[in-house]
Amino acid sequence: MNAATLFGLCGAVLVGLGLYGLVTNPEPLRKILAFNLLGSGVFLVFGVVARRAAASGLGGDPVPQAMVITAIVVAFAATAMAIALVLRLLQETGRSTLSADDPGGTDGGNS
Amino acid sequence: MKLAFDILTVFFVSCGAFFFLAGTVGLLRFPDSLTRLHALTKVDNLGLGLVVLGLLPQASGLFAALKLVSIWLLVQLSGAIVTQLIAGTVRQNGPDG
Amino acid sequence: MTISSAFDVGLVVLILAVGAATIAMREAFAAVIGYVVYGLLLAMAWVRLAAVDVALTEAAIGGGMTGMLMLGAVARLRLAEGNDIRTSLPVRLAAGVLCVLVTAGVAVAILSPPKTIPTLAPMVMENLAQSGLGNPVAGVLFVYRALDTLLEKVVLILALLGVWSLAPDSVWGGIPGLRVYARPGSTLTFLAQLLPPVGIVVAVYMCWVGAKEPGGAFQGGTVLAAMWLLVMIAGLTSVPSIGERWLRRLLVVGPVIFLGIGLAGMVLANAFLAYPPGYAKPLIVAVEVALTLSIGAALGLLAAGPPERV
C-alpha cells in the first residue's frame, strides 16, 4: 500500500466522520465544523487521484490540484456565510440551535 | 563532508525533538495555564531553534537558509506575543478565564 | 517499512485522532482549536501528496481563516442558551451505520483504481511553455481553466454580499462588527506594528513567485487579509464602513480586470479568456496582482462579518 492509497483511506474515514458529525450534532456551529471535515476528506480523495496520475516529471496531475484549491476557497466562502447566518439567528432569537419544536421564533424580525 | 553534515543534522534535530517532547510533557502534566505557557515557550524557542540549526546544513543555498532562520524568528515572535496575551487574560480573569 | 511510510502512517493516525476529537468534543471552543490543528496537519498531508500549492492554501484558508471565523463565532455563542438535547441513541446508531457504509464505499473506490490511470499532466506540460509559466497549477488555474478561477472570485463576492445582506436595514452601509481589542501600548499593538510589513512582503513574494513555483494569488491574498485583520483587531486602523468607495473598488478590481482581459481575448485571440501569443505572462501576472488585492479585501471582509453599527 503506497502513500497515496493510505491518504485516500484516511480521506474515506474523514468523510464518514464528517457525515456522522453533521447528522448527529444538534448545534449549527458543530454542524459547520463537521461539514468542513467532510469537505476536507473529499479533497483528500481528489488529491489521491491527482497523485496517482503523476506523469511527465510532475509529482501529481495539476488539474485535480487546481480544482481542490478552488474548492477550498469556495468552502471557506460557504462557511463564512453559514457562520454569519448562525450569528444572525443568535441575534434574532437568542438561541444557538434550531429546535424542532420551536414555535417559529420572532415573526420575520426587522428584516 | 556530506556525512559530517548529515551527522550534525541528526544530532541537532534529535536535540530539538527532545525539547519538543519535554514541552509536550509539560503541557500535559503541569497544573495550571501559566506553568503550561512556560513549558510551551521552551518548545518554540529552543526546540524549533535546534531543529532549524540542524536543517541549515541541508539547505540548498543562502536564501533557503535565511528563510529557515526567519521562520524561527517569526514563530518566536508570535509565540512570545500570544504567551503574553494569554498570561494577561489569566491574570485578569483568574485561572479558569 | 521505510521511514517515510512510517511518517505517513503516524500522520494519518494523528489526523484521524484530531478529526474524531473535533467531532466528539463536548466544548465548542476546544473543538474549534482541534479543527485548526487538524487543518495544519492536513497541510502536511498535502505536502506528502506532492501538492504544495494545495498545502499552502489549506494552511492559510482552511486552518487560518476558517479557524478565525469559528473562534469569533464561538466567542459570541458562549452567551447563547444552547439546547442541551443530544440526539437519541437510535438516531446515532443509524447515523453510525450509514457513515460506515459511506466510508466503506469510498474506501472500495480508492482501493480499486482503474488499470490505466487517466492523466492530464502530459497535456498540461505540452502547452505550458507557451504561456511562459513554470508552475503547472498556476497554468491550470489561469490558462486552461481560467473561467473556473474567474467564477470562483465572483463566488467570493457573492458570499460577501450574502453576509452583508444579513444586516438589519437600519445599519446597511455601516461598519462591520469586528471585535476590536484596542489597548494602546499592549503586546498586541506591538505585534500589529511589527508583523504586517513582514506579512506584506511574504504576500507579495507568494503572489509573484506563484508563476514559477508553488504560490499564487489566493495564498498571497489570504496573508494580506490576515495582516489587515490583525491591524484592525489591534485598533491601529478603524474598521471601514462597507459603503466606502475605495473598499468597493478594491473588491471588484480583481474580477473586473480578469473579465476585461478575458473579453479582450475575444478580440485579440479569438476566444474568451484566451491570451494573445507572447503577451500571456504579463497579462497573467497583472491578473494575479489584481486578484491578490481583491481576495485580500474579500477574505478580510468575510471574516469581519455583517455591519452592526452605522
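Trainee: Which chains share the most contacts here?

Mentor: Chains A and C, of the 2 pairs of chains in contact. Keep in mind that this is a predicted model.

Trainee: How many residues does each chain bring to that contact?

Mentor: Chain C puts in 81 residues, and chain A puts in 72 residues.

Trainee: Which helices of chain C supply the side that touches chain A?

Mentor: Helix H1 (3-24), helix H2 (28-48), helix H3 (52-77), helix H4 (89-111), H5, H6 and helix H7 (146-164) of chain C each supply at least two residues. The largest share comes from H3(C), with 14 residues.

Trainee: And what classes of residue are on that side of chain C?

Mentor: The side of chain C that touches chain A has 55 nonpolar, 14 polar and 12 charged residues.

Trainee: Let's pick one helix pair. How do H3(A) and H7(C) cross?

Mentor: Their axes cross at roughly 10° and come within 9 Å. Angles under 35 degrees count as roughly parallel. H3(A) and H7(C) are therefore roughly parallel to each other.

Trainee: Which residues meet there?

Mentor: From H3(A), they are Thr70(A), Val73(A), Val74(A), Ala77(A), Ala80(A), Met81(A) and Ala84(A). From H7(C), they are Asp148(C), Glu152(C), Val155(C), Leu156(C), Ala159(C), Gly162(C) and Val163(C). By class, the contact of H3(A) with H7(C) has 10 nonpolar, 2 polar and 2 charged residues.

Trainee: Switching to the core. How many residues has the largest nonpolar core?

Mentor: It has 126 residues. Those with the most contacts inside it are Phe7(A), Ala80(A), Ile83(A), Ala298(C) and Leu302(C). Helix H3 (residues 62-93) of chain A gives this core its largest share, 16 residues.

Trainee: Why does the core lie between the domains of chain C?

Mentor: Because domain 1 (1-77) and domain 2 (119-309) of chain C both give residues to this core.

Trainee: You mentioned domains. How far apart do the C-alpha centres of domain 1 and domain 2 of chain C lie?

Mentor: They lie 24 Å apart.

Trainee: How many residues are in contact between those two domains?

Mentor: 11 residues of domain 1 of chain C are in contact with 12 residues of domain 2 of chain C. The domain 1 side has 7 nonpolar, 3 polar and 1 charged residues.

Trainee: Now H5(C) and H6(C). At what angle do they pack?

Mentor: Helix H5 (residues 121-131) and helix H6 (residues 136-144) of chain C pack at about 75°, with their axes 10 Å apart. The two helices are therefore roughly perpendicular to each other.

Trainee: Which residues of H5(C) and H6(C) meet?

Mentor: Val124(C), Met125(C), Leu128(C) and Ser131(C) come from H5(C). Pro136(C), Gly139(C), Val140(C), Val143(C) and Tyr144(C) come from H6(C). By class, this contact of H5(C) with H6(C) has 7 nonpolar, 2 polar and no charged residues.

Trainee: We skipped chain B. How many of its residues are in contact with chain C?

Mentor: 5 residues of chain B are in contact with 6 residues of chain C. The chain B side divides into 4 nonpolar, 1 polar and no charged.

Trainee: And how far apart are the nearest C-alpha atoms of chain A and chain B?

Mentor: They are 20 Å apart, and chains A and B do not touch.

Note on methods: Residues numbered from 1 in each chain as written. Chains lettered and ligands numbered in written order. Predicted model: local features only at pLDDT ≥ 70, side-chain atom pairs only at ≥ 80, totals over all residues. Contact = placed C-beta atoms within 7 Å. Nonpolar A, V, L, I, M, F, W, Y, C, P; charged D, E, K, R; others polar. Core = buried A, V, L, I, M, F, W, Y, C linked by C-beta atoms within 7 Å. Buried ≥ 20, exposed ≤ 12 C-beta atoms within 10 Å, placed from the backbone. Helix = DSSP H or I, 4+ residues; strand = E, 2+ residues; numbered from the N terminus. Domains from an automatic or database assignment. Axes fitted to C-alpha atoms, helices over the stretch in contact; angles between N-to-C directions. Parallel < 35°, antiparallel > 145°, perpendicular 65-115°, else oblique.
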